[in-house]
Amino acid sequence: QFGKQLYCCDKCICKVDCYVFLSLDISKHYSQKVSLEQEQPTITQKLETTNDCILSSIVALSNVTGKICTFFSNNLDFFTAPSVYSSKKGMGVIDPLSAECMLENKKKAAAYIKSLKKVCKYITVKLICVIS
C-alpha cells in the first residue's frame, strides 16, 4: 500500500513538473510571436491587449504549476503516510465520527485534484491550439 501511494504521488509530481516545463515553453514561444507582431505597423490595440492578457495568463499558469509541484515535493511524507488519524498530542485515535468526517474530506480533496487534472489538460490543449 505504501509503495503504491509513493508511486502515485511521485507520478503526480512528475506530471505537474511536466506542466511547468510545458507552460514555460509555451510562454517563450508566445513571447516570440508577440514580439514579431508588435513590430508590424498594422497591429491593432485590441490584438496588443489580447496578446498581453494571454501572455500574463501563461506566466501565471507557469508560476502556479511551479508552486503546486513544490508543494507536492515538500509534503511527500504527508501524502504517502498511512491514513491513521490521531489527536495532535498523539494520545490515541480520535472518535470514529471525526475520523469518518476527515476521510470524507480527504475523498472530496482527491476528487477536486482529479477535476483539476481534467481542467489543466483542457487548458493545455487550448493553449497549444492558440499558439499553433
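This passage describes the fold, the confidence and the packing of a predicted single-chain model.

Because the model is predicted, local features are reported only where pLDDT is at least 70 and side-chain atom pairs only at pLDDT 80 or more, whereas totals for chains, interfaces and linings use all residues. Residues are numbered from 1 along each chain as its sequence is written, and side-chain values rest on heavy atoms, with hydrogens and water left out.

The chain contains four helices and zero strands, giving the pattern α-α-α-α along the sequence. Helices (H or I, at least four residues) and strands (E, at least two) are taken as DSSP runs, numbered from the N terminus. Confidence is expressed as pLDDT, the predictor's score for each residue from 0 to 100. The chain has a mean pLDDT of 76, with 71% of its residues reaching 70 or more. Helix α2 has the highest confidence, at 85, and helix α3 (residues 76–80) the lowest, at a mean of 70.

Burial comes next. Residues are called buried under 20% relative accessible area, exposed over 50% and partly exposed in between (1.4 Å probe, protein chains only). By this rule, 17% of the 132 residues of the chain count as buried. Accessible areas come from the Shrake-Rupley method with a 1.4 Å probe, and for residues only the protein chains shown count as cover. The chain exposes about 10,000 Å², of which carbon and sulfur atoms supply 65%. Contacts, defined as heavy atoms within 4.5 Å, can also be sorted by their span in sequence. Among those between residues at least 6 apart, 69% join residues at least 24 apart.

In soluble globular proteins, nonpolar side chains tend to be buried together. A nonpolar core is here a set of buried Ala, Val, Leu, Ile, Met, Phe, Trp, Tyr and Cys residues joined through side-chain atoms within 4.5 Å. The largest such core has five residues, namely Ile26, Tyr30, Val34, Leu55 and Ile58. The elements giving two or more residues to this core are α1 and α2, and α1 supplies the largest share, with three residues.

Ser23, in helix α1, counts as buried because its relative accessible area is 2%. Beyond its neighbours within four places in sequence, Ser23 contacts Ile58, Leu61, Ser62 and Thr65. Asn51 sits in helix α2 (residues 45–74) and is likewise classed as buried, since its relative accessibility is 2%.

A salt bridge requires a side-chain nitrogen of Lys or Arg within 4 Å of a carboxyl oxygen of Asp or Glu, and a search of the whole structure finds one. Both partners belong to helix α1 (residues 2–38), four residues apart, or about one turn of the helix. Lys33 is partly exposed, because its relative accessibility is 26%.

Elsewhere, Ile68 of helix α2 is partly exposed, with a relative accessible area of 34%. The C-alpha atoms of Ile68 and Asp17 are separated by 8.8 Å, although these residues are 51 apart along the chain.
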